[in-house]
Amino acid sequence: MTNSKYPEIINDLIAAFKSFPGVGQRSAVRMAFAVLKWQAGKQKALGKILSELDDKIGPCPKCGNISSPEQLCNYCSDMSRNHNVICVVEEVTQISSIEASGLFKGGYHVLGGKLAPLEGKGVDDLNLATLLKRVKEDDIIEVILALGQDVEGQATAIYISDLMKNMNVKVTRLARGLPAGSDIAYADSATIAAALSGRISLD
Ligand SMILES: [Zn+2]
């Protein structure tokens with residue numbers, strides 16, 4: 001919704017803020033006018049960051065986490081971690097929730113979503129091929145499926161565990177403890193720690 005009271009560039013700014021999760025028209029207007037009041041230089045500095053994002057950010061070629069283009073992410077390149085265990089998450093933001101539990105020191109794999117046929121999200125839309133390649137080639141002993149407890153998350157977990165049935169790898173999922181439909185990114189660290197330590201085998 002545009003508002004003809006404002007110059008076009010302000011309407012564009014409001015529209016940009018409205019695209020953030022949970023931001024409605026009123027908040028977007030407040031944010032736009034807050035930006036207008038910024039000190040000299042700060043708007044240009046933000047513009048520079050935004051214009052460089054595309055070139056400076058890319059998926060980690062190994063796990064799909066956010067990284068510099070063509071470079072291993074901070075977890076994949078950390079040799080102090082146990083790279084024989086992979087924790088599979090739906091989105092990049094969920095990694096920091098699992099890290100906050102302090103319990104997991106293995107590697108990650110970011111699917112980039114979950115199977116959701118009604119939203120047109122199928123097997124080919126997920127970062128699955130590299131996961132299978134890692135399990136085949138990297139001496140992986142356990143894959144922990146830290147997916148949502150909602151129908152799509154569980155269907156995705158079942159699909160992946162079926163794919164790995166004959167691959168000589170232990171497949172587990174988080175213990176129940178996350179409310180149905182909850183996004184693991186918003187669960188507290190104690191809940192995640194309990195779900196991790198009580199994980200259930202899918203073999
Ligand atoms: Zn990585």
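1. Two residues are in contact here if their C-beta atoms, placed from the backbone, lie within 7 Å. Please keep in mind that this is a predicted model, in which local features need pLDDT of at least 70, side-chain atom pairs count only at pLDDT 80 or more, and totals for chains, interfaces and linings use all residues. Numbering starts from 1 along each chain as its sequence is written.

2. On overall layout, the C-alpha trace spans about 65 × 35 × 35 Å along its principal axes. The domain assignment gives domain 1 (8–56) and domain 2 (66–201), with bounds that come from an automatic or database domain assignment. Taken over C-alpha atoms, the centres of domain 1 and domain 2 are 33 Å apart.

3. The chain has 7 helices and 7 strands, in the sequence pattern α-α-α-β-β-β-α-β-α-β-α-β-α-β. Helices (H or I, at least four residues) and strands (E, at least two) are DSSP runs, numbered from the N terminus.

4. Now the sheet. Which order do its strands take? The order is E4-E3-E5-E6-E7, in an open sheet of 5 strands with mixed pairing. Two strands pair if DSSP finds at least two bridges between them. E4 and strand E7 (200–201) are the edge strands, each pairing on one side only.

5. In the parallel part, E3 and E5 are joined by 4 bridges, and Val88 stands opposite Leu145 in E5. E5 and E6 also run parallel, again with 4 bridges. Across that pair, Val143 has Val171 in E6 as its bridge partner, and Ile144 has Thr172 in E6.

6. The antiparallel pair is E6 (residues 170–173) with E7, joined by 2 bridges. Here Thr172 stands opposite Ser201 in E7, while Arg173 stands opposite Ile200 in E7. Helix H6 packs on the sheet and touches E3, E5 and E6, and its direction makes about 165° with that of E5. That angle lies between N-to-C directions on a scale from 0 to 180 degrees, with axes as lines fitted to C-alpha atoms, for helices over the stretch in contact.

7. E5, H6 and E6 make a right-handed β-α-β unit. The crossover is called right-handed if, with the strands pointing away from the viewer, the path from the first strand over the helix to the second runs clockwise.

8. What about the interior? The largest nonpolar core has 34 residues, and Cys87, Val88, Val89, Tyr108, Val143, Leu145 and Ala146 have the most contacts inside it. Strand E3 (82–89), helix H4 (93–101), strand E4 (106–110), helix H5 (129–137), strand E5 (142–145), helix H6 (151–163) and helix H7 (189–197) each supply at least two residues of this core. The largest share, 4 residues, comes from E3. Such a core is a set of buried Ala, Val, Leu, Ile, Met, Phe, Trp, Tyr and Cys residues joined through C-beta atoms within 7 Å.

9. Of the 203 residues of the chain, 27% count as buried. A residue is buried if 20 or more other C-beta atoms lie within 10 Å of its own, exposed if 12 or fewer, and partly exposed in between, with C-beta atoms placed from the backbone.

10. Two backbone angles deserve a look in your viewer. Most residues other than glycine have a negative phi. Glu70, in the loop between strand E2 (66–67) and E3, has a positive phi near 65°. Why does Glu70 count as exposed? Because Glu70 has 9 C-beta neighbours inside 10 Å. Asp139 sits in the loop between H5 and E5 and has a positive phi of about 60°, although it is not a glycine. Asp139 counts as exposed because it has 10 C-beta neighbours inside 10 Å.

11. Is Asp188 buried or exposed? Asp188 is exposed, since 10 other C-beta atoms lie within 10 Å. The C-alpha atoms of Asp188 and Ile98 are separated by 9.3 Å, with the two residues 90 residues apart along the chain.
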